[in-house]
Amino acid sequence: MMQKIKSTTVLAVMHNGQVAIGADGQATMGNTVAKGKVRKIRKLQGGKIVVGFAGSTADAFALMEKFEEKLGAYGSNMKRAAIELAKDWRTDRFLRRLEAMMITANKDEMLVISGTGDVLEPDHDVAAIGSGSMYAQSAALALKKHATQLTAEEMVRESLGIAADICIYTNHNLTLEVLE
């Protein structure tokens with residue numbers, strides 16, 4: 001069972017040869033907005049892989065560093081690096097206390113990685129994590145099905161906007177990265 005991370009929304013869409021990943025910019029402490037413009041999306045491997053995270057920022061950065069190490073150790077094979085990270089995350093005494101989730105994407109694949117050992121390839125080339133994830137994912141799936149003329153970037157932007165209108169832990173200060 002995947003852990004429930006609240007307080008953010010991250011969405012990735014793969015559509016017509018484009019991969020877009022975006023996140024809102026809100027950081028909360030309990031039920032208080034601590035900051036409105038946090039960057040939750042990072043490019044790795046010279047821009048070939050994009051990572052979005054939800055959960056504790058310090059934990060997410062520690063996990064991204066570990067993921068980057070795994071990418072180096074496994075020749076930039078994203079799936080293998082993700083599986084090895086998930087194994088370590090579950091079994092390492094320090095790592096298993098980290099509370100975060102990640103979406104990773106390159107031009108060919110997308111994965112959701114959690115601390116419970118999950119490495120999931122999402123259905124329909126849409127992945128979402130965080131408190132507003134189900135709103136953003138639902139919107140993206142509908143856009144992908146009915147608004148096929150939109151780009152992946154436009155789908156992510158519109159879907160995150162819908163999530164921000166509904167989820168109190170998600171704001172409209174978006175960060176997006178695109179891989180062609």
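## Ground rules

This is a predicted model: local features need pLDDT of at least 70, side-chain atom pairs count only at pLDDT 80 or more, and totals for chains, interfaces and linings use all residues. Residues are numbered from 1 along each chain as its sequence is written, and side-chain values use heavy atoms, with hydrogens and water left out.

Helices (H or I, at least four residues) and strands (E, at least two) are DSSP runs, numbered from the N terminus.

Two strands pair if DSSP finds at least two bridges between them. Valine 112 has leucine 120 in β9 as its bridge partner.

Axes here are lines fitted to C-alpha atoms, for helices over the stretch in contact, and angles run from 0 to 180 degrees between N-to-C directions.

At the β5 end, 4 bridges join β5 to β6, and the two run antiparallel. Lysine 43 stands opposite valine 50 in β6. The two strands form a hairpin with 4 residues between them. In that turn, glutamine 45 has a positive phi of about 55°.

Helix α1 covers residues 57–73, which makes 17 residues. From first C-alpha to last it reaches 24 Å, close to the 24 Å expected at 1.5 Å a residue. The expected span is 1.5 Å times one less than the number of residues.

Asp59, Ala60, Leu63, Met64, Phe67, Lys70 and Leu71 are buried in α1. Seen down the axis of α1, these buried residues fall within an arc of 135°, so they line one face of the helix. The arc is that of the directions from the helix axis to the C-beta atoms. Buried means under 20% relative accessible area, exposed over 50%, and partly exposed in between (1.4 Å probe, protein chains only). An α-helix has 3.6 residues a turn, so residues three or four places apart point the same way.

The buried residues of α1 pack against β5 (41–44), β6 (49–55), α2 (78–91), β7 (100–105) and β8 (110–114). On the other side, Ala58, Glu65, Gly72 and Ala73 are exposed. Just after α1, glycine 75 takes a positive phi of about 60°.

## The four-stranded sheet

A further open sheet has 4 strands, in the order β10-β1-β2-β11, and its pairing is antiparallel. β10 (126–130) and β11 stand at the edges with a single partner strand each, so one side of each has no neighbour in the sheet. From one strand to the next, the twist averages 10°. Strand β2 (residues 18–23) pairs with β11 in the antiparallel sense over 5 bridges. Glycine 22 has leucine 176 in β11 as its bridge partner.

Helix α3 (residues 133–146) lies across β1 (9–15) and β10, at about 20° to β1. Helix α4 lies across β1, β2 and β11, at about 150° to β1.

Alanine 152 is found in helix α4. It is buried, with a relative accessible area of 0%. Leaving aside neighbours within four places in sequence, alanine 152 is in contact (heavy atoms within 4.5 Å) with Val13, His15, Gln18, Val19 and Ala20. Its C-alpha atom is separated by 9.7 Å from that of leucine 179, 27 residues apart along the chain.

Asparagine 171 sits in the loop between α4 (152–166) and β11 (175–179). At 11% relative accessibility, asparagine 171 counts as buried. Its side chain reaches the backbone nitrogen of glutamine 26 at 3.5 Å. Beyond neighbours within four places in sequence, asparagine 171 is in contact with Asp24, Gly25, Gln26, Gly36 and Ala164.

Threonine 175 is found in strand β11. At 13% relative accessibility, threonine 175 counts as buried. Leaving aside neighbours within four places in sequence, its contacts are Ile21, Gly22, Ala23, Val38, Arg39 and Ile41.

Methods. A polar contact is a pair of N or O atoms within 3.5 Å; within protein, one must be able to donate a hydrogen and the other to accept it, and residues adjacent in sequence count only if both atoms are side-chain atoms.
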